[in-house]
Amino acid sequence: MRVRVVRTGGFAGVERHGESDSARDPVLARLVDRVDLDAVPPPGRIPDQYLYDIDIDGSTATVGEAQLNGPLRELVHHVLG
Amino acid sequence: MPPHILERVATAGDPALRDIARRTLALSAGVRSERRIAPVRPAAPTEDFVPDRTIKDAGYRTELPGDTVRAEGGPATGDPVADQSYEWLGTTFDFFEAAYRRNSIDGAGLPLISTVHYGRDYDNAFWNGEQMVYGDGDGVLFNAFTASLDVTGHELTHGVTQYAANLEYYGQAGALNESMSDVFGVLVKQWHLGQQAADADWLVGAELLTDEIAGVALRSMKEPGTAYDDPRLGKDPQPGHMDGYVDTYRDNGGVHINSGIPNRAFYLVATALGGNAWEKAGKIWYDTLTGGKLSATADFATFAATTVVTAAALHGDDAPEVAAVREGWAGVGVQA
């Protein structure tokens with residue numbers, strides 16, 4: 001599965017992009033199995049917080065910095081890193 | 001994909017930088033945004049407002065609020081970041097009192113809370129609905145976010161906006177929310193330095209970029225889109241005119257991008273009126289934000305029209321100030 005992550009927002013408003021494919025990335029494959037994008041709460045409107053747009057094979061979610069926990073946090077970290 | 005030149009830190013060749021970027025990325029905290037409606041008791045005209053500051057230290061973790069290191073009137077901590085944050089909070093508080101007779105964020109003496117040393121190499125500062133939070137920067141691309149007075153002014157003004165018009169943090173209302181923070185952020189700095197409109201640099205976050213970065217600041221209100229152009233940061237994406245308005249769902253609908261348009265409108269009005277920008281132009285914007293007539297979902301045109309109404313209320317329908325406000329908005333392609 002192809003995973004794309006875009007970080008936007010923050011005081012600086014500087015975007016950051018990352019992309020990886022689980023077929024060539026066993027760590028990502030294990031993380032994807034543990035993530036449920038449908039269970040992510042709405043990001044909230046917190047001034048200057050980071051927002052993460054996550055796309056896993058066309059399934060998408062926007063996650064606020066405050067909600068970025070657990071396996072999803074690891075996944076974002078992994079793909080953007 | 002928005003027409004936004006992309007940052008390349010994540011793919012840069014320097015492994016140390018990538019590691020820093022990685023740690024900055026995935027942070028969490030129990031933050032939330034809420035509006036509090038506080039009844040504001042009118043202050044006596046001679047009442048001297050005094051701040052109630054608390055500086056907390058997150059110890060490079062991401063739990064808020066952290067441990068108190070300095071309370072109002074307490075001795076300096078010896079930590080330059082904590083002490084700078086304390087000073088900038090006081091300067092911003094004094095600015096709102098001196099310029100607009102506002103007693104703190106809510107107009108009713110709300111305590112000011114700042115947490116410093118948030119996260120590791122954290123390249124950001126934010127307002128979480130209750131307090132300000134500052135990262136130390138990564139030291140390679142960004143310095144500590146306490147370095148610029150206008151960043152404290154920016155974050156504290158998010159609180160003022162929350163208690164005033166409460167502009168929704170999305171789309172044009174969100175870009176206006178961002179612009180309010182940039183406007184009053186730079187006005188705090190100009191007031192602190194005793195600079196007139198014509199003498200100010202109109203930059204936001206000038207002290208945040210390290211010497212490594214090809215750029216002068218994070219945003220320019222005078223010339224949006226020109227603040228930086230760097231291989232690692234990309235290019236400043238801000239438009240300074242409606243012709244360059246960016247339609248995007250990202251960043252809450254481009255709040256940090258399209259804020260360049262109302263930012264430049266303010267710059268045009270302030271320099272047309274001359275003198276101290278916080279006195280005439282700033283007062284028109286402040287009264288518009290806090291006057292109770294502005295909808296939380298106002299778009300640029302609605303906000304612009306309200307600034308014209310405010311200017312007329314302050315100076316009279318036929319005053320040159322009213323014409324200057326209209327011309328400022330026309331200069332960025334917004335019909336006021």
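Before the sheet, I noted my terms: two strands pair if DSSP finds at least two bridges between them. Helices (H or I, at least four residues) and strands (E, at least two) are DSSP runs, numbered from the N terminus. I also noted that this is a predicted model, where local features need pLDDT of at least 70, side-chain atom pairs count only at pLDDT 80 or more, and totals for chains, interfaces and linings use all residues. Residues are numbered from 1 along each chain as its sequence is written, while chains are lettered from A and ligands numbered from 1 in the order in which they are written.

**The sheet.** In chain A I found four strands in an open, antiparallel sheet, ordered 2-1-3-4. Strand 2 (16-21) and strand 4 (59-64) of chain A are its edges, each pairing on one side only.

I then followed strand 1 (residues 2-9) of chain A, which pairs with strand 3 (residues 50-56) of chain A over seven bridges in the antiparallel sense. For Arg4(A), I looked up the bridge partner in strand 3 of chain A and found Asp55(A).

I checked helix 4 (residues 171-193) of chain B: its 23 residues should span 33 Å at 1.5 Å a residue, and its end C-alpha atoms are 33 Å apart, which agrees. The expected span is 1.5 Å times one less than the number of residues.

Is helix 4 of chain B buried or exposed? I found 20 of its 23 residues buried, so helix 4 of chain B is largely enclosed by the rest of the structure. Buried here means 20 or more other C-beta atoms, placed from the backbone, within 10 Å of the residue's own.

Definitions and conventions: Buried ≥ 20, exposed ≤ 12 C-beta atoms within 10 Å, placed from the backbone.
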